[in-house]
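This report describes aromatic ring pairs and residue accessibility. The sequence and the structure are shown below.

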Amino acid sequence: MCAKLEKQHTDQITYEGLLQGNKDWVANTLKEDPDFFKRLSAGQTPPVLWIGCSDSRVPANQITNTMPGDIFVHRNIANVVTHTDMNLLSVLDYSVNVLKVKHIIVCGHYGCGGVNAALGDKQVGLIDNWLRNIKDVYRMHEREMSTIKDPQRKSDRLVELNAIEGAANIMSTSIVQNAWAAGQELSVNAWVYSLSTGLIKDLNVSASNADDVSPVFKMQAGK
């Protein structure tokens, strides 16, 4: 029944409806807080950088009950973090060095289509090259993954490992390590969101200094 209602709702969304929805949101917001947009337009100082999946069912502000201006967001398919992604690195650099965020969260979600596609052997298209990064996560943890026979549990575990490795990749960047070397308050964390319960699972992978960075990735602070 829920799936049917969701399908009916999405079918009713129109281009004009989006614009009207914006006007309704502005009117309702101003009714509750006349100065909301005045404060919002003055600038942003979000304490959190969120690196999540592009999936439309995982809106960072909504699932954390936060407001516009609270979270700086970067999203891509399957919340992949790779050292060659200049888009992500630019967001990371701006977040850490300009916005001075205090928390970086890599958040995956169970039932991720990108992760499930990476577990399969069918060609999808250009995205196959992007999903290679998730296949690499599988390869790194192949001993554990090969022991999981249930497809759902296998998918869930790869979602978790992808978030964990993403957080580790964030920790290994020169951007984060230089911030830590300068004494900047900054933590990196890995989470997973459940679509079926709405709850976030803390994977207990967290670092606030370079002690948890693998020695091969540790760098001396730049001059």
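A residue is called buried under 20% relative accessible area, exposed over 50%, and partly exposed in between, with a 1.4 Å probe and protein chains only. The structure is a predicted model, in which local features need pLDDT of at least 70 and side-chain atom pairs count only at pLDDT 80 or more, while totals for chains, interfaces and linings use all residues. Residues are numbered from 1 along each chain as its sequence is written, and side-chain values use heavy atoms, with hydrogens and water left out.

Rings of Phe, Tyr and Trp (its six-membered ring) pair if their centres lie within 6.5 Å; planes under 30 degrees apart count as stacked, over 60 as edge-to-face and the rest as tilted. By this rule there are four aromatic pairs. Two of them are tabulated here.

| Pair | Centre distance | Plane angle | Class |
|---|---|---|---|
| F36 and F37 | 5.1 Å | 90° | edge-to-face |
| W50 and W191 | 6.1 Å | 80° | edge-to-face |

Helices (H or I, at least four residues) and strands (E, at least two) are DSSP runs, numbered from the N terminus. W50 is buried, at 1% relative accessible area.

F36 is likewise buried, at 8%, whereas F37 is partly exposed, at 24%. Together with W25, F36 and F37 form one aromatic cluster.

R39 belongs to helix α3 (residues 36–41) and is partly exposed, with a relative accessible area of 48%. Between R39 and G69 the C-alpha to C-alpha distance is 9.8 Å, at a sequence separation of 30 residues.
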